[in-house]
Amino acid sequence: MTLVERAGLWTEDRKAATREALRHMHAGEMSVVRLVFADQHGVLRGKTLTAAEIEGALKNGVGFTTTMLLKDTSHRTVFPVWRPGGGFGMKELEGAADVVMLPDPTTFRALPWAPHSGWMLGDIHFPDGRPMPLCTRQLYKRALKTLGDRGYDFIAGLEVEFHLFRVEKTRLAQGDAGQPGEPIDVSLLNQGYQYLTEQRYDEMDPILEILRSNVVDLGLPLRSLEVEYGPSQVEFTFRAAAGIAPADTMVLFRSAVRQVAQRHGFHATFMCRPKIANVMSSGWHLHQSLKDRKSGANAFVDATDPLSAAGMQYMAGLLAHARGAAAFSTPTLNGYKRYRPFSLAPDRILWGRDNRGVMIRVLGGPGDAATHLENRIGEPAANPYLYMASQIASGLDGLDGGLDPGPSADTPYDSDAPLLPRSLAESLAALNEDQALRTSFGDFFVSYYLKLKQAEIDRFNLEVSDWEQREYFSLF
């Protein structure tokens, strides 16, 4: 019996998708296929197989070590895998044992910048077919199923800011290696602060057009390209889609942009706030609504009010769990430097109608089929599966409890509303205490995530910062 059969996934739909993927691969005369999975940070990892091996991999997967799921952002393995239970009470983690990546044939694509290469995204399983509980894509699928059982589909659109620089000097000398290695030297593509001006766009058009054509050729639902407010900062937006698709789009988009930029002498970064003079923080605004499965209608639309009762309760859930969910929407230490007053980014937990200073922005109006919520809390480095799963978990708790979001905020930065977490440590503490998020994600996953992210905080706290050197070196 194959792995896909043991996992209970060898359905007629999957068989058809497998045949179609193989047909496209052979028609394109591809020599290799990249099989990848999104790790705990949303970074793509995987293996490249020759074309002759793909059919077997589609049925039996490809093995890799469990340590890939146990690493922090420096690629250090956080958990002591040589101890009983892998140091975390899971027998399958012991001794850096293998798990299996099972490619999803519906995600097959040809890579336009590497035409000899196919690409597929996979889910992680144990060899006996069980889902691996640390696979974030499967965790998001579970959240979607819970929502579906309640009669709704999750609809999401992406608005993603990032920085794009020219590479001036790579760091590939022997002494530059490390965990992590030395960052490269870059220069700006524009000086910034001329928001949406055509002149600034035209300065960046040569590389933006290369990125656009590759993103479109991947079949991603690109809507717009914009020059953002800060120097060398841009924004891409994507049409709304249902279910797993928006999260898959985000991981492929980030990976594609970085790879294509690199091939042309540029560096793209989705880090929230790079350490570059006069830089502006980048955000990831997640537009979202629910579709009623029975009627097919937008569940947030009301004939007379800006937002339906269900929409208000869902939004109230997002607000109620914002501090804990920030651990997923803003998972880096750097991302919390974005939460500043009077910055077009939120700094406290409130909502408003078409107000860019609030955390949740209500867009649309009475009878408008496009009515939805824009959560402005996220950073573009977030794992999309965890970010979106946290929205579903929070919103469902608001629906279940009939929560009230309170009044709209007209002056968000003067409000006495609760503040968003000021650090990753603060958001992790909130997540630890958030029972609704623990119930949705599971205690095992939350405990794993807390340990993983705490390892980053501990390493950061051991480093001597530039601020400390300036403040104390001459004073004492």
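Trainee: What should I keep in mind before I start?

Mentor: Because the model is predicted, local features need pLDDT of at least 70 and side-chain atom pairs count only at pLDDT 80 or more, while totals for chains, interfaces and linings use all residues. Residues are numbered from 1 along each chain as its sequence is written, and side-chain values use heavy atoms, with hydrogens and water left out.

Trainee: Which residues line the largest cavity?

Mentor: A cavity is a set of points, on a 1 Å grid over the protein atoms alone, where a 1.4 Å probe fits but cannot get out; lining residues have an atom within 4 Å of a point. Here the lining is L318, A322, A325, S329, M359, N375, I377 and Q391. Helices (H or I, at least four residues) and strands (E, at least two) are DSSP runs, numbered from the N terminus.

Trainee: Is H285 buried or exposed?

Mentor: Buried means under 20% relative accessible area and exposed over 50%, with partly exposed in between (1.4 Å probe, protein chains only). H285 has 5% relative accessibility, so it counts as buried. This histidine sits in strand β12 (residues 284–292).

Trainee: Which side chains make polar contacts with the side chain of H285?

Mentor: A polar contact is a pair of N or O atoms within 3.5 Å; within protein, one must be able to donate a hydrogen and the other to accept it, and residues adjacent in sequence count only if both atoms are side-chain atoms. The H285 side chain pairs in this way with the side chains of E374 (3.1 Å) and R376 (3.5 Å).

Conventions. On a 1 Å grid over the protein atoms alone, a cavity is a set of points where a 1.4 Å probe fits but cannot get out, and a pocket is an open set with protein on both sides within 12 Å along at least five of seven lines; lining residues have an atom within 4 Å of a point.
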